[in-house]
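Let's walk through the charged pairs in this protein and then take a look at what surrounds its ligand.

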Amino acid sequence: MPGPAHVLVFRELPPEQLARIQAQHRVTMANPRRPEQRAAFEAALPTAHGLIGSSYQLTPELLDRAPHLRVVSSISVGVDNYPLAYLRGRGIALCHTPGVLTETTADLIFALLLATSRRLVELAQLVRSGQWTSNIGPSLYGHDVHGKTVGILGMGRIGQALARRAALGFGMPVLYHSRQPVPPETLGPLAPLARHVPRDELLARADFVVCTLALTEDTRASLDAAAFAAMKPGAIFINGSRGAIVDEVALLAALDSGHLRAAGLDVFAAEPLPLDSPLRTHPQVVPLPHAGSATHETRQAMAVLATDNLLSALAGRLPAGRVANA
Ligand code: 8YV
């Protein structure tokens, strides 16, 4: 593309990444999630060649207002905020940041397994509130994590990283369900330890059911009342991918009935979680603010890769993080 482009930055970037873009292109900073910046965001669309950001649904209606758009670079691995077919139809490159957040996100998901099963939030609150006045008794005991069966829905990079932690670090039998079994050469040391099973078998046998699925039309609301009912009594449900995959009303019912022991949730159908959501204060829920990739190291790596992707695409080169089939 001859000459400088116009780049619309719709999520805050680290200053040095912003400077890399400003060194080559004209930049407009406008985060539409901030109501006072929405007008500036929409005013910049008609002349934008590139968009970089995350956490905002870019609809075809919005993108129709950007006739010169050549690339959307998302600071995320998930691409559920973007209309893939529409972008493909217009020949607009969509880029994301796979790989750089895998281990960080798997760490947090595994922390949710430990926090729910060992009741870490309750116990910390007991101490913080000054109520630790004697040895804790059975009413505050948790349940072991090591040696229990973990069932992973979706066995992509994050699912496999989680399986490694579980199988190799905690001696946990691993069951997983995905469209296709993962080739043994890809699983590596996990190959003899992680079994691909039908979804219903996973739900019926797992002590921990962990969702690492991408949000697609197939997975939207797929974890519903029937799925929760199929889970083992006393199982713990963990969601580290997208809230819209879960029927939250059905999840609450499964917790309130006592069928599920607990839920660890880093993602919700509406984010930030509305104050009136019963999931926010439910005694058996450990709720986190979509913090999967939220470490200094990883958010920096995501910003660098997203900036690389944007600059490559605007220079007519194939970006490393180009989303396949988009
Ligand atoms: C992002 C994530 O931080 O990468 C993803 O898909 O969910 C997180 O790492 C989040 O999307 C940004 O809002």
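## R20 and its partner

R20 counts as partly exposed, at 31% relative accessibility. This is a predicted model, and in it the R20 side chain meets that of D308 in a salt bridge, 2.6 Å from N to O. R20 belongs to helix α1 (residues 15–22) while D308 sits in helix α13 (residues 296–314), so this pair ties together parts that are 288 residues apart in sequence.

How accessible is D308? With a relative accessible area of 30%, D308 is partly exposed too: the cut-offs are under 20% for buried and over 50% for exposed.

Next up is R165, whose side chain forms a salt bridge with that of E103 at 2.7 Å, N to O. Here R165 comes from helix α7 (residues 157–170) and E103 from helix α5 (residues 102–117), so the bridge ties together parts that are 62 residues apart in sequence.

Are these two residues buried or exposed? R165 is buried, with a relative accessible area of 17%, whereas E103 is partly exposed at 36% relative accessibility.

## Another pair, and the total

R119 and E122 make a salt bridge as well, with their closest N and O atoms 2.9 Å apart. On the accessibility side, E122 comes out as partly exposed, at 30%.

How many salt bridges are there by the rule used here? The count comes to 11.

## Around the ligand

Now for the ligand. The residues around it are R11, S54, S55, S76, V77, G78, L101, R242, H290, S293, R299 and M302. Sorted by type, this shell has three nonpolar, six polar and three charged residues.

Which residues place a polar atom by a ligand oxygen? Among them is S293, with a polar side-chain atom 2.7 Å from an oxygen atom of the ligand. V77 uses its backbone instead: a polar backbone atom there is 2.8 Å from a ligand oxygen. For R299, an N or O atom in the side chain is 3.1 Å from an oxygen atom of the ligand. As for cover, the ligand taken alone exposes 320 Å², and the protein buries 87% of that.

Terms used
Residues numbered from 1 in each chain as written. Predicted model: local features only at pLDDT ≥ 70, side-chain atom pairs only at ≥ 80, totals over all residues. Heavy atoms only, no water. Near = heavy atom within 4 Å. Polar contact = N/O pair within 3.5 Å; in protein donor to acceptor, adjacent residues only side chain to side chain. Areas by Shrake-Rupley, 256 points an atom, 1.4 Å probe, with all protein chains shown as cover. Nonpolar A, V, L, I, M, F, W, Y, C, P; charged D, E, K, R; others polar. Salt bridge = Lys/Arg side-chain N within 4 Å of Asp/Glu carboxyl O. Helix = DSSP H or I, 4+ residues; strand = E, 2+ residues; numbered from the N terminus. Buried < 20%, exposed > 50% of the residue type's maximum accessible area, 1.4 Å probe, protein only.
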